[in-house]
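Please look through the sequence and the model below with this briefing beside you.

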Amino acid sequence: MKKTFKITTPEGLHARPTALLVTAVTPFECDVQLAYNDKSVNLKSIMGVMALGITPESIITISAEGTDAEKLMQTVTDVIITKGIGEEC
Amino acid sequence: MLEIQGIAVSEGIAFANAYCLMEPDLSFKKVTIVDVPAELKRFKAAVVQSKRELQEIYTIAHTKFGDEEAAIFAAHQLLLEDPEMLAAIEAKIHTGINAEYALDEASKMFIAMFEGIDNVYMQERTADIRDVSKRLLAHLLGVELTDMSHLSSDVIIVAEDLTPSMTAQIDTKYVKGFITDIGGRTSHSAILARTLGIPAIVGTKTATQIIKQGTPIIMDGINGKIILNATPEISQFYVRQQQIQSQLQSEFDQFRSLPSISADGLHVEIAGNIGKPEDVDMITSVGGDGIGLFRTEFLYMERQELPNEEEQFTAYRTVLEKMQGKPTIVRTLDIGGDKNLPYFQLPTEMNPFLGYRAIRICLSHPEMFRTQLRALLRASAFGNLKIMFPMIATLDEFRMAKALLLEEKKLLQNEGFIVSETIEVGIMIEIPSAAMIADLFAKEVDFFSIGTNDLIQYTLATDRMNENVSYLYQPYHPAVLRLIKTVIDAAHHHGKWVGMCGEMAGDEVAIPILLAFGLDEFSMTASSILKTRAQIAKHSQKDLIQHTERILILSTASEVEDYVRKFLLIHD
């Protein structure tokens, strides 16, 4: 499963929004990746995500594979939208 | 007995044992490991302990400062759970090296990765990795990290330097004062120490090298002296000094509920400078006549993102309500120079104090500025709000800022918000150009507030953070005094009033000069308010005015100081 988002939080994917995303996906079984600028990292790694240096207005893709992928995708979408991190493209 | 001299930046005398915030010894060697599972177990135990500590710190930060400030410690905990980081370390341990070395290698790798990102904020996040790695390493080595939140007896903090956030976390229940190697009178930690009302001595250069953990210290925050292992005679002397100080304090206390009035009946306003809504209580507790400077940048600092309109509105409203109709001057965002925001990328500059800062940043980021103005305008319905813009150099800047303010006011009114119709709008006079054309500004502004810390720096072209040229930081320099006089005269000529929110407003020697010049409002740290009110009560403005011309033709700062001490200061 794949979804594309545009980052709207004015500071980009910095510590706080990243922490929210990582905390949301960590409990899930399945693998989850965040792709940005031809690089892909494990979304359960705050270090990996922050190291991408994602700036406001960036387009990111989140993909998940595994048994609870659908639920994970729903959760991550909710977090991104309700916490003002970004919007679905 | 041993004496160390430093710069006294916050008055008072303190007796306590040294608490040295030293970097602990975290040195280790690369060791070959035979029992890999045991090493992995040792590493995991260190992770668990570190997490537990961070959870405690998070809880403390959360109760003390709230969600936003605590968030950073939640992110630190996540670093300890990071699959990439943990996998990298464990993989290295599997190759047969000790956990300390594996941790160090992995964190260096991540730090290099972050430093490679072309983004100041991200580069600064390496501090988080270093912080967390240090905690882990300390546990692996069985070394204890210094932690200010676990103090349980009176101490004097000794450190190389204190960041504003560290100073802000100081619990005055146990921390009786602080001493640092670096810093100056106007560094943030100095300002915060005065706000907290604890003695502080900075710029000692060597304190951390000389003072050992637990050494009994006497701090003389009036003369900048630090006495280690004092003899009984010296201790006696300082006990007596402390008594004199507290007697003086109780004398000042009588002025708590009295008006700020000179011996010949002139009313002035003695207001307070604050950084956070909580600071208002200290101003009201000493009977301050208002808030002369609310430094709003503290709402923006020590956090991860810009504060939104609601958050700012709540903060401003709280301050205005607590002040119960007393005048409250809020200064719009003043960052840049020495004050950065971690999430707001400011370019590295050759001359930050002459560079991109304060109103210059706000005018080039109108969205950010408008959010603050909207929050202020909405809060104006709850008290006596005055707004001032910092670092104004030209009339155009003031006109632009005011135009944005009026636009937002109209928009808010159209949205149905109540906005006060009597908000005064003024500027800070910090740049000589603005002081020189104060007559032109006076036609358009409602008031001036003279920010002497920067005005002195810019008038004498002296970086106030640079110890090599600090001798040029001269508040009584004739050029500074003449500029101040020019500003006050220009304002009064146009029926406007003038305040001062720089350090000089609470300075014993400056006060009679400023009274003679006709300054209308003096704004200072809470701890100086009563002392200043007591001093003003002794002066007669009429008598002081007779000295004005004489003061203005003195040639040097020391001549001015000598003159004031000889002829103008009144001591019982």
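In chain B, strand β14 (residues 447-450) runs parallel to strand β15 (residues 497-500), the two being paired over four bridges; strands count as paired if DSSP finds at least two bridges between them. Helices (H or I, at least four residues) and strands (E, at least two) are DSSP runs, numbered from the N terminus. This is a predicted model, in which local features need pLDDT of at least 70 and side-chain atom pairs count only at pLDDT 80 or more, whereas totals for chains, interfaces and linings use all residues. Residues are numbered from 1 along each chain as its sequence is written, chains are lettered from A and ligands numbered from 1 in the order in which they are written, and side-chain values use heavy atoms, with hydrogens and water left out.

- Together with helix α21 (residues 510-517) of chain B, β15(B) and β16(B) form a right-handed β-α-β unit; right-handed is said of a crossover if, with the strands pointing away from the viewer, the path from the first strand over the helix to the second runs clockwise.
- Eight of the eight residues of α21(B) are buried, so this helix is largely enclosed by the rest of the structure; buried means under 20% relative accessible area, exposed over 50%, and partly exposed in between (1.4 Å probe, protein chains only).
- Among these buried residues of α21(B) are B:Ile511, B:Leu514 and B:Phe517, and the helix is followed by B:Gly518, whose phi is positive, near 95°.

**The sheet of chain A**

- Chain A holds an open sheet of five strands in the order β3-β2-β4-β1-β5, with antiparallel pairing.
- Its edge strands, each of which pairs on one side only, are β3 (39-42) and β5 (86-88) of chain A, and the twist averages 30° from one strand to the next, where axes are lines fitted to C-alpha atoms, for helices over the stretch in contact, and angles run from 0 to 180 degrees between N-to-C directions.
- Strand β2 (residues 31-36) of chain A pairs with β3(A) in the antiparallel sense over four bridges, and A:Leu34 stands opposite A:Val41 in β3(A).
- Helix α3 (residues 69-82) of chain A packs on the sheet and touches β1, β2, β4 and β5 of chain A, its direction making about 155° with that of β4(A); contact here means heavy atoms within 4.5 Å.

**Salt bridges**

- Over all chains the structure holds 29 salt bridges, each being a side-chain nitrogen of Lys or Arg within 4 Å of a carboxyl oxygen of Asp or Glu.
- In chain A, the side chains of A:Glu57 and A:Lys6 meet in a salt bridge at 3.6 Å, N to O. A:Glu57 lies in the loop between α2 (46-50) and β4 (59-65) of chain A and A:Lys6 in strand β1 (residues 2-7) of chain A, so the pair ties together parts that are 51 residues apart in sequence.
- A:Glu57 is exposed, at 53% relative accessibility, while A:Lys6 is partly exposed, at 25%.
- In chain B, the side chains of B:Arg357 and B:Asp454 form a salt bridge at 3.4 Å, N to O. This pair links distant parts of the chain, 97 residues apart, with B:Arg357 in the loop between β11 (327-331) and α14 (359-364) of chain B and B:Asp454 in helix α19 (residues 452-459) of chain B; both residues are buried.
- B:Glu561 and B:Arg565 form a salt bridge whose closest N and O atoms are 3.1 Å apart, and both lie in helix α25 (residues 557-568) of chain B, four residues apart, about one turn of the helix.

**Positive phi in loops of chain B**

- B:Lys205 has a positive phi near 65° in a residue other than glycine; B:Lys205 is found in the loop between β6 (200-202) and α9 (207-210) of chain B and is exposed, with a relative accessible area of 60%.
- B:Ala461 likewise has a positive phi, near 50°, and is found in the loop between α19 and α20 (478-493) of chain B, where B:Ala461 is exposed, with a relative accessible area of 69%.
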